[in-house]
Amino acid sequence: MTGRKFFVGGNWKMNGDKKSIEELATIMNNAKLNPDTEVVCGAPTIYLDFARSKLNPNIDVAAQNCYKVAKGAFTGEISPAMIKDCGVKWVILGHSERRHVFGESDELIGQKVAHALECGLGVIACIGEKLDEREAGITEKVVFSQTKFIADNVKDWSKVVLAYEPVWAIGTGKTASPQQAQEVHDKLRQWMKANVSEAVANTVRIIYGGSVTGGTCKELASQKDVDGFLVGGASLKPEFIDIINAKA
């Protein structure tokens with residue numbers, strides 16, 4: 001037993017409205033969720049307050065992004081202080097869509113991680129390679145480089161969850177096989193041991209994201225170094241309950 005608490009995050013992305021969020025919250029609030037699993041829902045910024053007010057207290061809420069400073073002339077951005085003011089404890093940073101659709105650099109993501117942690121938020125920090133990178137055999141090089149920019153900005157690892165999300169498996173219906181996921185998670189842990197510390201390598205939670213479904217979650221969850229999931233599309237559906245309970 002690793003002692004790492006299983007962690008399941010739902011990333012709602014740019015989906016939902018008050019009606020559908022209320023319906024989903026009702027399903028989740030009434031479901032029997034494994035008490036040994038930490039559950040966090042990533043709501044769109046405009047619904048953070050609403051989601052927090054509708055979900056039971058045992059279900060945490062995450063923002064999907066934030067900026068690297070506390071306040072100022074940054075139109076359209078939100079700060080960790082604002083996120084906390086809504087009763088929200090987590091933020092997702094470095095998601096592949098932020099990297100590849102919106103052009104966020106490794107350096108910026110590192111700065112965001114540093115500021116969010118300084119403000120007391122928990123950070124779900126995302127890393128992952130694109131299809132051409134996997135096919136070129138540079139998966140490790142890419143994910144280690146991304147991880148280094150994050151690690152250089154972390155003092156307290158107890159507030160960080162690393163999410164490995166192979167970009168080729170996000171929203172494509174392709175899932176990394178349990179063996180592929182385990183292999184990368186294991187290598188990430190070895191990297192942490194060599195570059196951070198053995199204690200952090202053993203305790204940091206590394207979760208998998210990329211087309212996780214009710215059908216694939218149990219086998220993925222059985223892998224030694226898979227400590228949970230960051231779930232996209234399926235987190236908006238009732239099957240999210242099955243994924244939360246993958247270890248039950």
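## Cavity lining

By class, 3 nonpolar, 5 polar and 2 charged residues line the largest cavity. Here Ala, Val, Leu, Ile, Met, Phe, Trp, Tyr, Cys and Pro count as nonpolar, Asp, Glu, Lys and Arg as charged, and the others, Gly among them, as polar. The model is predicted: local features need pLDDT of at least 70, side-chain atom pairs count only at pLDDT 80 or more, and totals for chains, interfaces and linings use all residues. Residues are numbered from 1 along each chain as its sequence is written, and side-chain values use heavy atoms, with hydrogens and water left out.

Two or more residues each come from α4 (96–100) and β5 (122–127); α4 gives the most, with 3 residues. Helices (H or I, at least four residues) and strands (E, at least two) are DSSP runs, numbered from the N terminus.

## Cavity volume

The structure holds 1 cavity of 30 Å³ or more. About 40 Å³ of space lies in the largest cavity, a volume being the space filled by probe spheres set on the grid points, which are joined across faces, edges and corners.

## Nonpolar cores

The largest nonpolar core has 68 residues, and Met28, Ile83, Val91, Tyr208 and Phe229 have the most contacts inside it. Its largest share, 5 residues, comes from helix α8 (residues 178–195). A second, separate core of 11 residues includes Val40, Ile124, Ile207 and Leu230. A nonpolar core is a set of buried Ala, Val, Leu, Ile, Met, Phe, Trp, Tyr and Cys residues joined through side-chain atoms within 4.5 Å; buried means under 20% relative accessible area, exposed over 50%, partly exposed in between (1.4 Å probe, protein chains only).

Methods
On a 1 Å grid over the protein atoms alone, a cavity is a set of points where a 1.4 Å probe fits but cannot get out, and a pocket is an open set with protein on both sides within 12 Å along at least five of seven lines; lining residues have an atom within 4 Å of a point.
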